[in-house]
Amino acid sequence: MNVQAIRAIYIYEMRRTMRTLMQSIISPVISTCLYFVVFGAAIGSRITEVGGVSYGAFIVPGLIMLSLLTQSISNASFSIYFQKFLGTIYEILSAPISPLEVVIGYVGAAATKSIALGLIILATASFIVPIQIAHPLVMITFLVMTSLTFALLGFIIGIWAENFEQLQVIPLLVITPLAFLGGTFYSIEMLPPVWQTVSLFNPVVYLISGFRWSFTEVADVNVWLSLSMTAMFMLVCLGIIWWIFKTGYRLKN
């Protein structure tokens with residue numbers, strides 16, 4: 001294991017974040033706070049509680065997860081795509097660095113940024129509504145697993161994308177709608193039975209439900225099922241990345 005190579009990639013990516021602090025951290029936090037204020041005020045005045053939890057506290061885990069999904073993908077996809085765009089990907093491919101080390105460096109940096117962002121949003125939300133974390137270890141587990149999983153997905157998207165438009169297609173047209181329809185602002189138990197069944201085919205439901213359970217012990221699906229689905233998605237992403245490096249798919253385009 002070339003620890004020095006992993007460290008170099010990781011530090012480079014983290015320094016890039018510090019250079020773009022407004023775009024990487026401050027902007028997502030402000031956007032999430034606006035979601036909280038608008039939805040909390042508009043819907044919270046009509047729905048005081050969900051599952052015995054105040055509506056404001058209920059939507060906090062969903063908003064954190066929404067930012068986590070989008071930012072994990074964005075951080076990882078842009079990092080590897082930018083190397084392709086500039087042509088510096090050839091330096092990485094020709095260096096004595098294994099595919100595993102490249103993935104650890106880029107995905108580790110993207111996940112670190114997302115975890116930091118999630119914790120900042122959580123701290124910010126605690127000034128607006130009282131928040132209690134019933135199961136801190138479960139919360140951290142979901143936070144780390146989700147960040148890593150979607151950073152892996154972002155890495156795949158960055159390799160697949162041939163232009164900046166393609167870089168945004170999946171996050172904007174797939175991930176964001178799934179997040180909004182995955183129980184970010186509501187419990188799927190509030191839906192008609194047919195739509196409850198349909199919602200169970202949305203993988204984001206399991207992420208948000210499990211993460212919310214760690215705060216409030218209120219969940220739409222079993223927490224162990226949520227953890228299993230997250231782990232399964234992570235393994236699928238790892239399998240795709242292994243195939244990409246094995247075949248050289250779009251790495252040199």
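**View 1. The lining of the largest cavity in this predicted model.** Thr32, Cys33 and Phe36 take part in lining this cavity, together with Val60, Leu63, Ile64, Ile121, Ala125 and Ile128. Three helices, α2 (21–42), α3 (55–86) and α5 (99–126), each give at least two residues to that lining. Sorted by class, the lining holds eight nonpolar residues and one polar residue, with no charged residues. The volume of the cavity is about 60 Å³, and the structure holds two cavities of 30 Å³ or more.

**View 2. The largest pocket and the helices that line it.** Now look at the pocket, which has a volume of about 460 Å³. Its lining counts 19 residues, and those nearest the centre are Gln23, Gln71, Ser74, Asn75 and Gln168. Helices α1 (3–19), α2, α3 and α7 each bring at least two lining residues, and α3 gives the largest share, with six. Here the classes read 12 polar, five nonpolar and two charged residues.

**View 3. Helix α7, from its start to its buried residues.** Leu167, Pro171, Ile175, Thr176 and Ala179 are the buried residues of α7. Among the elements that cover these buried residues are α3, α6 (136–160) and α9 (203–216).

Technical notes
Residues numbered from 1 in each chain as written. Predicted model: local features only at pLDDT ≥ 70, side-chain atom pairs only at ≥ 80, totals over all residues. Heavy atoms only, no water. 1 Å grid on protein atoms, 1.4 Å probe; cavity = no way out; pocket = protein on both sides within 12 Å on 5 of 7 lines; lining within 4 Å. Points joined across faces, edges and corners; volume = space filled by probe spheres on them. Helix = DSSP H or I, 4+ residues; strand = E, 2+ residues; numbered from the N terminus. Nonpolar A, V, L, I, M, F, W, Y, C, P; charged D, E, K, R; others polar. Buried < 20%, exposed > 50% of the residue type's maximum accessible area, 1.4 Å probe, protein only. Contact = heavy atoms within 4.5 Å. Polar contact = N/O pair within 3.5 Å; in protein donor to acceptor, adjacent residues only side chain to side chain.
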